[in-house]
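Here is a quick tour for anyone meeting this structure for the first time. Have a look at the picture, then read on for the details.

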Amino acid sequence: MAQPILEELHKKEPQDIRFSLDLANCYVAFKQFDKVRIIFDEMKALNDDVYNKKFLNIGLLEAKLLLAEKKRYEAMALLSELKKRNPYNILLNLELGKVYYNLGKYHQSLEVYDVVLKMDQNNAQAYLGKAQNLFYFKKYEEAADNALNAIGLLYHIPMAHFLLGKSLFQLQLYQNAA
């Protein structure tokens, strides 16, 4: 519903970065990554200075695009650069934790999720990320605890339920795992 309106606003006011970013986020949600890349190219052509400053919202969106394009190391480099300037941004840290995990950098991923939980002890995504890493390290009891914390905070998080079941199965708690 919002996409056609944003497309019209973006067309009328291409120099207004707010419309461009909102439209790009819509395209990301619908996995229309080629359109996101076009918007980035337009933003860069219209205002190279704003684009190159890598404001946090632009950087996060570009990192999501890089991940969709399977450019994980580039996404990690961009997120790491953004984190130097925004060390306490929760969304940024969550994205960085996911990238580290997907690159097999499990210790770094776990550290990032611990940082997020120090900032926000009620962050279900951080508990889920931590559970995934702990499961990888075969710390099944801790993984189950973190998956349960995620479920307690946000019940409709399927991966947490899945990890909880897998962890309980590894702990041979078959009745509870089912």
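This is a predicted model: local features need pLDDT of at least 70, side-chain atom pairs count only at pLDDT 80 or more; totals for chains, interfaces and linings use all residues.

## Before we start

A word on "helix" and its numbering: helices here are DSSP runs of H or I with at least four residues, numbered from the N terminus.

## The big picture

The C-alpha trace spans about 60 × 35 × 25 Å along its principal axes.

Of the 178 residues in the chain, 42% are buried. Take contacts between residues at least 6 apart in sequence: 44% of them join residues at least 24 apart. As for charge, there are 23 positive and 21 negative side chains, and the centres of the two sets lie 4 Å apart.

In soluble globular proteins, nonpolar side chains tend to be buried together. In this chain, the largest nonpolar core has 22 residues, and those with the most contacts inside it are A126, L128, A160, L163 and L164. Which elements give two or more residues to this core? They are helix 8 (106-119), helix 9 (124-136), helix 10 (140-153) and helix 11 (158-170).

Setting aside its neighbours within four places in sequence, L164 is in contact with A144, A147, L148 and I151. Helix 11 also holds S167, and this serine touches F135, Y140, A143 and A144, again not counting residues up to four places away. Is S167 buried or exposed? Its relative accessible area is 0%, so S167 is buried.

S20 sits in helix 2 (residues 17-29). With a relative accessible area of 0%, S20 counts as buried. Beyond residues up to four places away in sequence, S20 touches H10, P14, I39 and M43. The C-alpha atoms of S20 and L9 are separated by 8.6 Å, and the two residues are 11 apart along the chain.

N93 is part of helix 7 (residues 90-102), and N93 is buried because its relative accessibility is 0%, under the 20% cut-off. What lies by its side chain? A polar atom there is 2.8 Å from the backbone oxygen of N89, and the backbone oxygen of P87 lies 3.1 Å from a polar atom of the N93 side chain. Leaving out residues up to four places away, N93 touches K83, P87, Y88, V112, V115, V116 and M119.

## Two lysines with positive phi

Most residues other than glycine have a negative phi. K31 has a positive one, near 55 degrees, and lies in the loop between helix 2 and helix 3 (33-46). For K138, phi is positive too, near 60 degrees.

Are these lysines buried or exposed? K31 is exposed, as its relative accessible area is 64%, and K138 is exposed as well, at 60%. Both count as exposed because the cut-off is over 50%.

Technical notes:
Residues are numbered from 1 along each chain as its sequence is written. Side-chain values use heavy atoms; hydrogens and water are left out. Buried means under 20% relative accessible area, exposed over 50%, partly exposed in between (1.4 Å probe, protein chains only). Contact means heavy atoms within 4.5 Å. Lys and Arg count as positive and Asp and Glu as negative; His and the chain ends are not counted. The place of a charge is taken as NZ of Lys, CZ of Arg, CG of Asp or CD of Glu. A polar contact is a pair of N or O atoms within 3.5 Å; within protein, one must be able to donate a hydrogen and the other to accept it, and residues adjacent in sequence count only if both atoms are side-chain atoms. A nonpolar core is a set of buried Ala, Val, Leu, Ile, Met, Phe, Trp, Tyr and Cys residues joined through side-chain atoms within 4.5 Å.
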